Amino acid sequence: MSKHVVVIGAGIAGLEAASVLDSMGHSITLIEKEDTPGGHVDRWHELFPNRRPGREVLEMLYEKLRDSIQFQYGKEITSIKPFSGKFIVTASDGWVTNADAVLMATGFDLFDARKKEEYGYGIYDHVITSADLEDIFRQGEGLNPRLGKAPQRIGFVHCVGSRDEKAGNIYCSKVCCVTAVKQAIEIKELYSAVEVYCFYMDLRMFGRHYEELYKEAQEKYNIQFIRGRLSEASENRQGGVVVKVEDTLLGKPLKITMDLLVLMSGMVAPPGIVKMRNKLGLTKEEDGFLSPLDAHARPNESEVPGLFMAGTSSGPKTITDTLNDARSAALAIDKYLEE
Amino acid sequence: MKADGKKLVWKDYQKDIAEDHYFYARSCIRQNFFPGSEKAFTRILRDELGKDLCDNQHHTSCTGIGYHTDVVPFETTMTVVARQFALMNEAGYENYIASCITSFGLYTEIIETWKHFPETLEKTREFLFRATGREFTIPKNLAHASDVIYKFRNEIAAKARYRLVDKNTGLPLKVVEHIGCHYSKMFPHKGVGGAEYPYVLVGMIEAWGGEVIDYPERRHCCGFGFRQYAVQANRGFSIACSKKKFDSMEAYEPDLIITNCPGCPMFLDRWQYALSEMEGKTYGKNNRGIPVFTYEEVAGLVLGYDPWKLGLQVHQVPAEPLLDKIGIPYDPEAKFKGPNGEELGRPEAPSILKFYQE
């Protein structure tokens, strides 16, 4: 018998899980707080490591379920109440529905780079985030309109809000290292003469083809990787960004003026989801992300029977891992509904 | 530069500053470096703002310099600070204000230590009692003296006879603000505006008509770092710090520098002389340097106090060009006279940096 599943979040995890559940014959309502599906991937111009357009992945996912499921856009979920083996799901605009199962595909928020005050995001004109740079790439006009000239020197700061106790996040966001390598290459493709510096703690090239991309960045594009954290950035009279950083391999302090400084913002748990997690009495972990019942055996189940999780709602993941996790969640939900 | 971005940061770093009834702890060194500043502070609070201030003669050094140079153990420092608090209690006050930035930072550090390690607080109580027979309570409100002037900056502006404005052009003066490292770099939430974009002096400058310069080396230490100047072999590093700042701010053509630490105005002022002698280089126009002031001196100037009563004659970089620019009257002949009009003698003039009014 067809069961009703509410999927919260129409990012790639929600879309893929909904698609699989739909193909299994379940009735799906996909709820999204924005007015369009896609989440963060919709903003990403090209993806690592193969430079596939983000939109292409989204269209592929969206096409599979465009006509078959019910979308509810512009709805932020305020309450999920377990009730007699079902759930009552309520949105901020008063919209209510019942569900046999709920999937939290609620994703992540980008770390607010303003919290790293010493880097000057939101204060200095030419300090941007990795997400802002993707917007620039998507607009296709390069950096000249923003900078008023072709850039000569650009810096990427890794681990902004990740692996940073001061920022309250000790975990690794996983995707930023290779994103910086990809974005640095894209910059070099646009401006071959530009000097590009990446300031890193460790480079975590764990995925297939990531290491090759990193090697290519060094050998083909001459991108400079400097191990060391920025101590501060400031703005000079010309609007350049003066950065102070220690090269911890050479053991020397550096002061370099950049035309543009790109902060690789990490992933954080959305505050609304942290609140929801607490209301539902789910396991509280310091990083704010949802915790599966068993990381190996039951990676998509929560302590509340019928409430599932997929994608980055349970911690930073790549797109590939997110899609696999979504499929896994759909299978777990199907099994639960059969029982 | 986006001013709105800074305002967002400032919103996150507001602190409670007591309204009245202050116990004032003076600095060990400020009265030698800038002898009129603390006097100006007590005058402004009592006479201009009508506040109650206890200026207690029995308090001692907080031992901050000794503590930061590893000469005085922390337990001793905590006991000395506990005695200051006991004096405050005995005088019937709850709100403690420190004239010195290092003292303020140290008091903050000690109170935080006691909060997180209550057994250390008990130990300090025991040490103090055994040594002096005194008991103490932690201040209800702890502030730096610049916090208090910041709090009443608009009241001072309302009474001001002069503004930080060029009298000829009507344009705001360009002001460099420099915060002492111990003000908020250790405990950002204890300083108005935080550590990266402190607002305490910016607020005063804006209220009194000036325009703040944000230059690349704004956050850099002035060179007063204790291990830099206290160890003779490191003094080259101290003067290099100051030079780095001057080189960075020079292009913005600042009219003056305002500071809130005992050491910063001393070093930013005196090292300009040393740099001129060592390198033949002066900053500011016509070999006159960039004048450096304490915030109390600037508050006193805008309120119309006599520059020589504020102690501006002991500055190495002459203040007169700035006084002329604002339109503050002064008697050039009185610069080196004592309070009773007696001639005190004239210091030797540097070879490059101009010292006398010419």
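In what order do the four strands of the open sheet of chain B lie? In this predicted model, the order is β6-β5-β7-β8, and the pairing is parallel. Strands of a sheet pair through backbone hydrogen bonds, and the pairing can be either parallel or antiparallel. The edges of the chain B sheet are formed by β6, at residues 211-212, and β8, at residues 292-294, each of which pairs on one side only. Strand β7 of chain B covers residues 256-259 and runs parallel to β8(B), with three bridges joining the two. Within this pairing, B:Ile257 has B:Val292 of β8(B) as its bridge partner.

Chain A can be described at the level of its domains. Domain 1 of chain A is made up of two segments, 4-108 and 269-338, while domain 2 spans 113-266. Between the C-alpha centres of these two domains of chain A the distance is 31 Å. Where the domains meet, nine residues of domain 1 of chain A are in contact with 17 residues of domain 2 of chain A. The domain 1 side of this contact in chain A consists of four nonpolar, two polar and three charged residues.

The two chains also touch each other.

Note on methods
Residues numbered from 1 in each chain as written. Chains lettered and ligands numbered in written order. Predicted model: local features only at pLDDT ≥ 70, side-chain atom pairs only at ≥ 80, totals over all residues. Domains from an automatic or database assignment. Contact = placed C-beta atoms within 7 Å. Nonpolar A, V, L, I, M, F, W, Y, C, P; charged D, E, K, R; others polar. Pairing = 2+ DSSP bridges.
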